[in-house]
Amino acid sequence: MKISTMAVIMAMTDEAKPFIEALELKKLACGLGDALPMEVYTGSVEGANLIVVVGGKDQRFGVDNVATQPATLSAYLAIEQFKPDLLINAGTAGGFKAKGAEIGDVYIGSGAIRFHDRRIPIPGFDGYGVGSYKTPDVDKVAEVLGLKKGVVSTGNSLDMTPEDQRMIEANQGAVKEMEAAAIAWVAELYDIPLVALKAITDLVDTDTPTQDEFMQNLKFASERLQKKLTDAVHCFAGEGIA
Ligand code: SAH
């Protein structure tokens with residue numbers, strides 16, 4: 001499928017900054033709407049329109065709008081306003097040493113995107129809670145760009161409770177983050193392919209506290225993300241997606 005408009009959804013300013021600068025994207029004054037904190041940047045790549053939506057800051061807490069609610073809203077409004085034919089959720093994530101992850105690795109979501117903290121043990125609702133949203137076939141782009149592949153698992157917490165860990169294992173999750181499945185739900189409603197691209201800031205199955213490791217590696221991982229995301233948008237603009 002040839003791509004004419006790509007919308008990249010990113011939660012944090014620090015994650016997005018290297019990419020916005022590298023592609024010299026221009027900020028749209030109106031954002032996604034007057035009442036909303038999201039920032040919108042636009043540009044073009046090989047003839048395709050490129051939109052980047054960044055979550056912006058919470059008006060009371062002053063921190064980045066991470067996690068599922070802003071991600072859902074960003075995805076919905078980006079789709080309605082810009083009619084993208086491809087969505088990309090780019091950001092940082094926790095990885096698993098036991099699965100061979102290293103800080104700075106960039107993963108592309110492959111197989112499915114799932115929730116690990118929506119536990120609803122009632123027939124039907126259990127599957128709904130996990131979501132298991134399909135990803136497009138990313139084998140080729142993963143190979144060309146040198147990306148690791150894995151199931152992305154989403155929850156609303158940075159830490160990992162024993163229950164979360166059990167669910168991530170059951171989900172075969174390789175990448176733990178806080179937005180992808182929320183966006184995947186919207187993408188599925190609109191039948192738009194979603195590619196998740198996540199750079200590893202921290203290894204959740206080691207003794208280092210996640211928040212310390214995250215802050216320490218955020219800049220490095222965001223630079224790595226920028227490089228792979230730039231390659232990916234060029235690849236999608238030129239060759240489209242299967
Ligand atoms: N302490 C950070 C909090 C950011 S929340 C701060 O002060 O800014 C973490 C963000 O990075 C989320 O957008 C999430 O998608 C991603 N992330 C990175 N590592 C993660 C992990 N181990 N678990 C969950 N989300 C993670």
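Me: How many cavities of 30 Å³ or more does the structure hold?
Reply: A cavity is a set of points on a 1 Å grid, over the protein atoms alone, where a 1.4 Å probe fits but cannot get out. The structure holds one of 30 Å³ or more. This is a predicted model: local features need pLDDT of at least 70, side-chain atom pairs count only at pLDDT 80 or more, and totals for chains, interfaces and linings use all residues. Residues are numbered from 1 along each chain as its sequence is written, and side-chain values use heavy atoms, with hydrogens and water left out.

Me: What volume has the largest cavity, and which residues line it?
Reply: A volume is the space filled by probe spheres set on the points, which are joined across faces, edges and corners. Here it is about 50 Å³. Lining residues have an atom within 4 Å of a point. Among them are Ile9, Met10, Asn65, Ser74, Asn89 and Glu179. β1 (5-10) and α2 (68-82) each give two or more residues; helices (H or I, at least four residues) and strands (E, at least two) are DSSP runs, numbered from the N terminus. α2 gives the most, with three residues.

Me: Which residues lie nearest the centre of the largest pocket?
Reply: A pocket is an open set of points with protein on both sides within 12 Å along at least five of seven lines. The largest one has a volume of about 260 Å³. Its lining has 18 residues, with Met12, Thr92, Leu158, Met178 and Phe214 nearest the centre. β5 supplies the largest share, three residues. β9 (173-177), β10 (194-203) and α7 (210-239) each supply at least two.

Me: Which residues come nearest to the ligand?
Reply: A residue counts as near if one of its heavy atoms lies within 4 Å of the molecule. Of the 19 residues around the ligand, Thr92, Lys176, Met178, Glu179 and Asp202 come nearest.

Me: Which ligand atom lies 3.1 Å from threonine 92?
Reply: A polar contact is a pair of N or O atoms within 3.5 Å. A polar side-chain atom of threonine 92 lies 3.1 Å from an oxygen atom of the ligand. A polar backbone atom of glycine 94 is 3.3 Å from a ligand nitrogen. For leucine 158, a backbone N or O atom lies 3.5 Å from a ligand nitrogen.

Me: Is glutamate 177 buried or exposed?
Reply: Buried means under 20% relative accessible area, exposed over 50%, partly exposed in between (1.4 Å probe, protein chains only). Glutamate 177 sits in strand β9. This residue is buried because its relative accessible area is 3%. A polar atom of its side chain lies 2.8 Å from the backbone nitrogen of alanine 180. Residues that glutamate 177 touches include Asn89, Thr92, His116 and Lys198; contact means heavy atoms within 4.5 Å.

Key: A polar contact is a pair of N or O atoms within 3.5 Å; within protein, one must be able to donate a hydrogen and the other to accept it, and residues adjacent in sequence count only if both atoms are side-chain atoms. Lists of a residue's contacts leave out its neighbours within four places in sequence.
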